[in-house]
Every structure is written in structure tokens, then in C-alpha cells.
Amino acid sequence: MLRVSSIILLLANYYCLGQIVINEIFPAPEANQTEWIELYNPYDSNFIIDGFYITNRNSSVYVPQKLVVNGKSFAVICQDTTNLTNEVSCFLSQTKIPTLHNDYDVITIRDGDSLLIDSIYYDFRWGEKGASLERYDWSEPATDSHNWHISGTQERHSVCQQNNQTIKDASIGLFYGLSDNLIVVDLLNSGRLPLTEVNIKCELVAEENGEELQILIFMEEIEAFPKEANRHYEYNIAYLLESLKYDFLRALHIYVSFDSLGTLVEKDFVIELNLPKPFSGLCINEFMYDVEKGCGEFIELFNNTNDTLNLYGWKIFNRPSENRTTLVEIGDSSKIILPKGYFLIIWDSAFFNCFEYLRGDSRIFYSEKSFGLKNGGDNIVVYDRIGICQDSLTFLPTWHKGNISNTKNRSLEKEISTFISSDSSNWFTCVDVRGGTPNETNSVSIKGGEEISVVVEPNPFSPNSVTKPKAKIRYVLPFKQARISGKVMDLNGTIVSELINNELSPSIGEIEWDGLDFNNNKVSPGGYVLLFESVDIVSNKVSRIKKVIAVGW
């Protein structure tokens with residue numbers, strides 16, 4: 001009952017506060033330390049009284065000494081200055097004071113006429129032995145844990161100094177979030193005083209062809225912003241960007257200004273993004289989805305930009321929906337993908353059984369979450385860290401090309417890495433003997449933008465067929481005249497036939513393959529790779545292309 005009564009009395013007297021406040025207390029000292037009370041004068045004028053009372057929850061002590069607390073300064077009251085004198089640089093009153101109880105207490109300071117100057121309540125469950133309790137906001141009642149903090153200084157107190165944690169007279173708090181295509185911003189008056197003439201502007205900084213662009217998201221002028229007032233802003237990023245031409249989102253820029261006692265205070269918050277434009281910068285380049293026991297699936301990404309991209313917070317989904325949200329989230333901030341480089345996402349350590357040489361490769365993120373690609377077809381969707389879809393595709397087993405009888409442990413690869421991933425005509429069965437080329441150039445790859453073109457018809461063909469006994473290989477070169485070579489390799493990389501060798505050709509021509517090897521024997525049915533090369537006779541520039549040819553029964 002005594003504890004409750006003391007608190008009620010404290011609250012009842014709160015509105016009699018004087019010019020100084022109890023700002024910091026040291027109620028539970030270690031051995032050879034002393035208890036003390038620190039006072040603070042938050043005003044410009046000095047505070048002086050002759051004689052004062054200090055009370056705790058069950059006793060009162062009159063101090064006949066003069067108490068002096070200069071404007072914007074501190075004073076310390078203690079009984080024993082052991083291990084404290086050298087640290088006190090403000091007014092020190094050494095006198096008998098009531099014991100500061102280690103469970104809870106109510107402390108008051110009164111003038112000689114017993115008029116209340118200030119009062120506090122503390123519970124030592126809020127504190128820690130050997131550390132002071134600091135008052136966060138001197139203008140608010142010191143009656144609960146929210147207004148008290150354990151000192152975080154190295155000395156474990158801030159005697160005669162501004163508290164380690166304390167509210168500022170004028171301050172703005174800004175909180176932001178970037179996810180699910182949304183920019184969410186909260187503006188809070190986190191200071192002790194109301195603010196006026198508050199301005200906030202939020203914009204995205206983008207880049208196109210090396211030129212900087214500013215994309216305004218929102219802007220507001222606030223005439224009056226009371227203490228603890230809050231403004232909430234929420235905007236859809238994808239909607240803002242869908243019609244905009246840009247190469248990169250470089251940063252989110254938030255500018256805030258406000259009037260603080262006649263002084264303009266400006267703050268800039270810059271959040272680095274460095275995100276490429278969707279479906280053109282970072283794309284799905286290879287994936288393996290149908291594996292035998294002992295091997296692991298993977299998804300490979302390709303960075304088509306000239307910038308290093310940090311993949312922290314990026315997410316990879318398979319068939320995201322309300323009922324199925326299986327995903328891998330890259331939670332390692334060290335994971336980057338270099339310009340024109342590759343990066344792997346795996347979710348089964350069995351991957352290394354088939355690609356042992358990649359063990360320890362920093363360009364791999366291994367997720368232990370339950371994930372997998374369906375053998376009958378699935379979606380792969382890649383989101384960046386702010387929720388923008390960067391690339392996606394929906395694949396089917398029919399994407400495998402080349403009439404290869406067994407596609408187990410064979411990845412699907414892009415022929416041109418920079419082409420849109422949803423174009424099934426750009427995907428082919430890997431012809432590398434390992435079954436995949438993770439973190440390497442695709443086995444069926446050609447560089448986008450080359451003018452060389454090769455068309456194989458029919459494909460597949462069969463040397464045993466009456467109607468399709470040969471494959472006609474028609475080509476268009478980027479040169480008026482060139483020397484051309486054409487070789488056919490099996491899936492182990494062994495050359496089985498040489499169709500043409502360093503022969504002069506115009507820019508358009510045709511050669512054939514009858515399905516025979518060097519010994520004029522019919523090759524076995526399956527997939528083969530045509531390696532076609534042309535060398536310009538003027539500039540000696542070389543162009544190469546690979547093409548999958550299927551031989552049927």
C-alpha cells in the first residue's frame with residue numbers, strides 16, 4: 001500500500017514542477033562507489049535556493065546548503081564522493097541524502113518551504129547494478145520505464161553531461177520500408193517541441209544512358225507538426241515505373257526540412273538501390289529441373305549490365321500464388337553478381353555431387369528451404385529486394401530441343417543470354433557432357449547482336465529416311481566474303497564430321513550434312529552440335545555460332 005500511495009502522491013504533485021529536474025540517478029553502486037542524484041536546469045537563467053529537502057519513499061532530509069544550478073547546466077548531490085570527485089565537473093553538493101532503494105523508490109526535491117521542485121519514481125527492474133538511470137525527456141513525468149534508460153556510456157553514467165539517451169528539443173524521425181512493390185515512409189516528430197514549416201520530398205533517382213533522372217514520388221508542406229505527430233505515406237513503385245524509360249534505379253532520396261526556433265534544419269536520407277530495369281538487366285540464363293537421385297537442381301542468373309549487383313534480399317519463386325508461395329530469399333549481403341557474370345541458386349547439397357569443382361564458389365547461394373521445380377513444367381520468377389519482378393518464365397518439358405532421348409540431368413540453356421526469358425524458342429537442351437554449364441558460358445550460347453545466322457532444316461533429320469536424309473544448313477554472314485568452316489561434335493565434345501574447312505564463301509550460302517562420320521558410317525541417333533565459323537577476308541574478324549542438330553532414327 002505504501003508503494004501505491006507514494007506513486008499517487010507523486011502524480012498528484014507533478015504539476016508543481018520547478019525550474020530544475022532530476023535528470024539522472026545512481027541507485028545501485030558497485031563496491032567503492034557511491035549513490036548520487038544529478039539535477040538539470042533546462043532554461044537559460046540560473047537557479048539558486050538556500051536550503052532544500054530530499055525525500056525518498058519513507059524518509060526526508062533537509063539540506064541547509066545553497067543549491068546552485070546554472071542555466072543549461074547540471075548539479076550533483078551525494079553523500080560520499082568516493083570515486084566520483086574527479087568525474088564531477090559541475091556544481092557538487094556533498095551532504096547526507098536518503099538511501100536510494102534498490103527495489104523501487106520515489107524521490108522528490110523541495111525548496112525550504114516544502115514546495116515541490118521535481119519528483120520521480122523508478123523501479124530497479126528498469127536498471128542495472130553499477131550503471132546510472134538516465135531520464136529521457138525532462139519535460140515528461142518520470143514515472144515509467146519509457147522515460148528511463150540505462151546509461152550506455154563506457155563509464156556507465158553521464159554525470160555532469162548530457163544524457164547518453166535523451167530527447168532533442170527539435171528532431172524528426174524517419175522510417176521507411178521497401179517491399180512488395182511499395183515504398184512506405186513514416187515521418188515522426190520525435191523531438192520535445194512542436195515543429196513548424198515541415199517539408200518532405202521523396203523521389204527515386206534513376207539513370208538512362210548515363211544521365212540522371214529524378215522521379216518524384218510525393219511531396220508535402222506541413223505548417224504545424226505537433227510533438228509525436230506522424231505522417232504515413234505509401235506508394236506503388238511498379239505503377240510509377242511501368243511507363244518510364246530508364247536503365248537503373250540508383251537510389252531512393254528523401255529530403256526533410258523544418259523550422260527549429262527560427263533556424264532551418266535540413267536532412268537528407270539516401271537509400272542505395274542499384275537495381276536494373278526489369279527484364280533487361282539480370283535474367284534467368286540456365287536451369288536444371290529434372291535430376292536423377294544424387295544430383296541437385298539449380299537456377300543460374302546472368303548479369304547483362306556493366307554494374308556489380310548486390311543480390312541481398314532478392315527472392316526466387318516457383319509458381320507464386322495465394323496457396324503456394326515457395327521461395328528462396330538471398331539473405332547474405334556478401335552475395336554479388338559481377339558485370340556480364342553468373343550466379344547460382346541451389347537448394348540441395350547433392351548439386352555438388354555432380355559439380356564438385358564448384359564447391360566453395362562464392363557465386364553460389366545455397367538455401368536450405370524446401371524448394372523445387374516440377375518435372376512437368378513450372379514457373380520461375382525473380383524479384384529484387386523492393387519487390388519488382390526482374391525476370392520470369394513458365395517452362396514445359398517441350399522446351400528441350402534436339403530429339404535427345406534422355407534429358408535427365410540436362411539443363412535448359414539460353415542460346416542468346418540477353419533475349420527475353422519467356423521466349424521458348426531461345427531455350428535448348430544443354431549439349432555439354434556434364435549435363436549443365438553452371439556459372440559458365442552456355443554450351444549452346446551465341447552472343448546477342450551478332451549478324452551471323454544459321455538455319456538447319458529439317459531438324460531433326462534421319463539418314464535412314466527417304467524424305468529427310470540430309471540436313472540443309474543455310475547461313476547468312478556479316479561479311480561480303482569470308483572463309484568458312486563447319487564441324488559437327490557429339491555431346492562429349494568429340495568432332496565426328498567436318499563439313500567444310502576454310503573455304504571461301506559469299507555472304508549467303510548453304511552446306512549439307514548427311515549424318516555420316518569421318519568413316520562414312522551413320523552416326524548414332526541423338527543430339528549433336530554444329531560449330532560454324534566465318535573469317536572476314538578483309539578485316540580478319542571472326543564470327544562463330546553453335547547450333548543443335550538432332551539425328552533421328
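Predicted model: local features only at pLDDT ≥ 70, side-chain atom pairs only at ≥ 80, totals over all residues.
User: Is Cys283 buried or exposed?

Analyst: Read it from the relative accessible area, where buried means under 20%. Cys283 has 7%, so it counts as buried. Cys389 has 22% and therefore counts as partly exposed.

User: How many disulfides does the structure hold?

Analyst: There are 2. One joins Cys90 to Cys160, with the sulfur atoms 2.0 Å apart. The other joins Cys295 to Cys354, and there the sulfur atoms are 1.7 Å apart.

User: What is the pattern of the disulfides along the chain?

Analyst: Count the bonded cysteines along the chain, and the pattern reads 1-2, 3-4.

User: Which hand does the link of Cys90 and Cys160 have?

Analyst: Look at the angle about the S-S bond. For Cys90 and Cys160 it is -60 degrees, a left-handed link. The link of Cys295 and Cys354 is also left-handed, at -55 degrees.

User: Where do Cys295 and Cys354 lie?

Analyst: Cys295 sits in the loop between strand 18 (282-288) and strand 19 (298-303), while Cys354 is in helix 3 (residues 351-354). Cys295 is buried at 13%. Cys354, at 31%, is partly exposed.

User: Now the charged pairs. What is the general idea?

Analyst: Opposite charges on side chains can pair once the charged atoms come close. In this model the count comes to 23 salt bridges.

User: Which residue meets Glu128 in a salt bridge?

Analyst: Arg156 does, with an N to O distance of 2.1 Å. Glu128 is in the loop between strand 8 (116-123) and strand 9 (133-135), and Arg156 is in the loop between strand 10 (148-150) and strand 11 (172-179). Those parts are 28 residues apart in sequence, so the pair ties them together. Glu128 is partly exposed at 38%. Arg156 is partly exposed too, with a relative accessible area of 27%.

User: How many residues apart in sequence are the parts that Lys315 and Glu329 tie together?

Analyst: First, the contact itself: the side chains of Lys315 and Glu329 form a salt bridge at 3.9 Å, N to O. Lys315 is in strand 21 (residues 315-317) and Glu329 in strand 22 (residues 327-329), so the bridge ties together parts 14 residues apart. Lys315 is partly exposed at 24%, and Glu329 is partly exposed at 34%.

User: With which residue does Glu512 form a salt bridge?

Analyst: With Lys470; their closest N and O atoms are 3.6 Å apart. Glu512 lies in strand 32 (residues 495-513), and Lys470 in the loop between strand 30 (453-457) and strand 31 (471-489). The separation is 42 residues, so the case is one of distant parts being linked.

User: Which residues do shared partners join into one network?

Analyst: Glu457, Lys470, Lys472, Arg474, Glu510 and Glu512.

User: Leaving aside neighbours within four places in sequence, what is Leu249 in contact with?

Analyst: Its contacts include Leu204, Val205, Ala206, Leu241 and Leu273. Asn274, Leu275, Ile386 and Ile388 are on the list as well.

User: Last, the surface. Which residues make the nonpolar patch of about 300 Å²?

Analyst: Leu504, Ile537 and Val538 make it. Ile537 is in the loop between strand 33 (526-536) and strand 34 (542-551). With a relative accessible area of 39%, Ile537 is partly exposed. Patch residues need over 30%.

Note on methods. Residues numbered from 1 in each chain as written. Heavy atoms only, no water. Patch = residues over 30% accessible without salt bridge, like charges linked within 9 Å, V, L, I, M, F, W, Y side chains within 5 Å. Areas by Shrake-Rupley, 256 points an atom, 1.4 Å probe, with all protein chains shown as cover. Salt bridge = Lys/Arg side-chain N within 4 Å of Asp/Glu carboxyl O. Helix = DSSP H or I, 4+ residues; strand = E, 2+ residues; numbered from the N terminus. Buried < 20%, exposed > 50% of the residue type's maximum accessible area, 1.4 Å probe, protein only. Contact = heavy atoms within 4.5 Å. Disulfide = S-S within 2.5 Å.
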